[in-house]
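Hi,

Here is the structure I promised to pass on. Have a look at it first, and my notes on what turned up follow below.

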Amino acid sequence: MLQTKELNLSKEIKAVLIILFGIFLFLLGYNFLNSTSLFKKENTLFALYENVEGLQVGTKVTVNGLSVGKVADIDFLPGTNKILVSFTIRNDVVFSKNSVAELYEAGLIGGKSIAIHPVYD
């Protein structure tokens with residue numbers, strides 16, 4: 001007769017594994033709801049503006065009308081009145097450093113987004 005070996009895990013180890021799996025699922029779901037991915041790499045870019053009225057963290061960044069990223073942070077550039085906006089875009093989007101990041105009205109209700117007008121070398 002064949003005997004089967006059972007994996008004897010204590011209740012504490014099983015509880016820890018379930019908790020770790022739950023935390024992993026929570027982080028995965030949270031990032032999914034924020035439109036970010038744990039597995040895709042993104043580039044962080046910066047732009048300086050005089051006035052960003054209506055621009056908010058999380059608004060979209062587009063290239064030729066295609067949404068390729070979102071605004072990550074808005075703050076003053078230290079020592080100046082200019083506003084530094086950092087935004088993330090997909091890793092596969094490539095354009096020159098001479099490209100222009102322009103603010104535009106995103107809709108009728110208000111709010112602004114960033115449109116990148118690419119310049120290719």
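Let me start with I114. Leaving aside residues up to four places away in sequence, I114 touches Y49, L55, K60, V61, T62, V71, V85, F87, A101, E102, L103 and Y104. Do keep in mind that this is a predicted model.

I114 also turns up in the largest nonpolar core, which has 16 residues; V85, F87 and I114 are the ones that touch the most other members. Strands β1 (42–49), β2 (60–63), β3 (66–76), β4 (83–90) and β6 (112–117) each put at least two residues into this core. The top contributor is β4, with four residues. As general background, nonpolar side chains tend to be buried together in soluble globular proteins.

Stepping back to the overall layout: the protein chain has one helix and six strands, in the order α-β-β-β-β-β-β from the N terminus. Of its 121 residues, 23% are buried. Among contacts with a separation of 6 or more, 50% are between residues 24 or more positions apart.

Now for the surface. There is a nonpolar patch made of V16, I19, L20, I23, F26, L27 and Y30, with about 720 Å² of accessible area together. Y30 sits in helix α1 (residues 11–33). And is Y30 exposed or only partly exposed? Its relative accessible area is 49%, so Y30 counts as partly exposed.

Last, the charged pairs. How many salt bridges does the structure hold? There are two.

- K82 pairs with E50, with the closest N and O atoms 3.3 Å apart. K82 is partly exposed, at 35% relative accessibility, whereas E50 is exposed, at 58% relative accessible area.
- D92 pairs with R90, and here the closest N and O atoms are 3.0 Å apart. D92 counts as exposed, with 56% relative accessibility, and R90 as partly exposed, with 35%.

That's what I have for now. Over to you!

Cheers

Definitions and conventions. Residues numbered from 1 in each chain as written. Predicted model: local features only at pLDDT ≥ 70, side-chain atom pairs only at ≥ 80, totals over all residues. Heavy atoms only, no water. Patch = residues over 30% accessible without salt bridge, like charges linked within 9 Å, V, L, I, M, F, W, Y side chains within 5 Å. Areas by Shrake-Rupley, 256 points an atom, 1.4 Å probe, with all protein chains shown as cover. Salt bridge = Lys/Arg side-chain N within 4 Å of Asp/Glu carboxyl O. Buried < 20%, exposed > 50% of the residue type's maximum accessible area, 1.4 Å probe, protein only. Core = buried A, V, L, I, M, F, W, Y, C linked by side-chain atoms within 4.5 Å. Contact = heavy atoms within 4.5 Å.
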